[in-house]
Structure formats: C-alpha cells, structure tokens
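Q: Hey, I've got a structure open and I'd like to talk it through. Can you help me read it?

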Amino acid sequence: ITKTFQNADNHNDGYVGIGTNAPIGALNVRGADQTKQLVISNSTYESGTYDNETGLWFKGNFSSGDERAKAAIFLKGKADYGVGDLVFAIDGGADNNNAALADEKMRITSDGKVGIGTTGPSTPLHVWSTSWPQFRVSYNSSLYFTLDHAATLNVYGNDWYVRLNSSEKFRIKQDGSAIFTGDLTCANDLY
C-alpha cells in the first residue's frame, strides 16, 4: 500500500481490508447496507460530449505489464450526468491484448434493454447473431429447442406442444403427425 486509508487494514498475508479488520480476499471493501462500498470513476468531466468509458478489467493470469486483461465491464457514457450503458467485453485472442470496447459481447442500456451481439438493443432482450442457431433453450443435452435465422423453431427430443392457459391446443409428435384439440379453422391450405 502506498497510501494510508482511513479504516484500512493491511495484513501480513497481503490482504487489504477497507471497513474491515478481517479481510477475506486480496481486497475486501465493506460498508453499511445501502451505501457505496466501491466506486470506480475516470478523471474526465464532460459536458456535451459523452464518448468516455469507466471500466473494470479482469486478468486470468499474471503478467507484469498492462496486458492480458481479457475481460472487462465498462460504463460507456452516452448522455450528461454520467448516464451510460453497461458493456461486457471479452477478448478471445491468444495474445497480449486487453479487452476493449470493440470486444463487446453484451450490453445493458440505460433504459434496461439487454443486447447480446448488438450495441443497440431495441427490445427488452435483443439477441443478434449471424451463426446458426441464434437462440437455444435447453433442458438437457437431448431436450431443447432452437430458433434460427429464418425464424424456424426447431424442437429436439420430444413432442412439441402449444398450450393456452395450461390447456393443450395443438401437438406435433416426433413421428410428424399432428393432434388438434377443439375446432380447427384455417384461412389457407395447410402444408
């Protein structure tokens, strides 16, 4: 420690405690409920321009230089008063580069939308991908469904059911046959 902090405790084991005299990790910051335990900010004050980032980087292994911090969480400024989006970035390169804003994988916008694969989510959850499948929900390795680029729903490992208010209305069985419950009205031919 190069500076003495009020209520900081440096232990022989190398652990630093702020607000605690019994730190349980390399840095243990403890504060009262509903208070700021740790604040990370940059030194830039901007008004009218918002192209700034404040971040937290993660290194998976030790290196002595400013390198190999392969994951980061940024607050990307986009409006006055510090308003911004929370950006999650991962650099998957086997090199000495650090994660940067260009390595974005997911974003939570200031209005609460989550984007995966997009920097501008337009719905509460917006997943963008050019690989197949774009979306997969799994129960286990053999029961799952996917949604692909052609908006095709693919169901694996079981019959596919459509239920309304917990009541089955339609089922496509694994053998390709279909079961309808109730009246069937169709404006066009069924294919």
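Q: How many helices and strands are there in the protein chain?
A: The protein chain has zero helices and 15 strands. Helices (H or I, at least four residues) and strands (E, at least two) are DSSP runs, numbered from the N terminus.

Q: What should I know about the model before we go on?
A: This is a predicted model, where local features need pLDDT of at least 70 and side-chain atom pairs count only at pLDDT 80 or more, while totals for chains, interfaces and linings use all residues. Residues are numbered from 1 along each chain as its sequence is written, and side-chain values use heavy atoms, with hydrogens and water left out.

Q: OK, what radius of gyration does the protein chain have?
A: The protein chain has 25 Å, whereas a compact globule of 191 residues would have a radius of gyration near 16 Å. That radius is taken over C-alpha atoms, and the globule rule is 2.2 Å times the number of residues to the power 0.38. Along the principal axes, the C-alpha atoms fill a box of roughly 75 × 45 × 40 Å.

Q: And how much of the chain is made up of buried residues?
A: Buried residues make up 20% of the 191. Buried means under 20% relative accessible area, exposed means over 50%, and partly exposed is in between (1.4 Å probe, protein chains only).

Q: New topic: how many salt bridges does the count come to?
A: The count comes to ten salt bridges. For each one, a side-chain nitrogen of Lys or Arg has to be within 4 Å of a carboxyl oxygen of Asp or Glu.

Q: Which residue forms a salt bridge with Asp95?
A: That's Lys70, and the closest N and O atoms are 2.6 Å apart. Asp95 sits in the loop between strand E6 (84-90) and strand E7 (104-108), and Lys70 in the loop between strand E4 (53-58) and strand E5 (71-77), so the pair ties together parts 25 residues apart in sequence.

Q: Are those two buried or exposed?
A: Lys70 is buried, at 19% relative accessible area. Asp95 is partly exposed, at 34%.

Q: Which residues are linked in a network of salt bridges?
A: Lys78, Asp85, Glu104 and Arg107 are linked that way. Asp85 and Lys78 meet at 3.2 Å, N to O, and Glu104 pairs with Arg107 at 2.7 Å between the closest N and O atoms.
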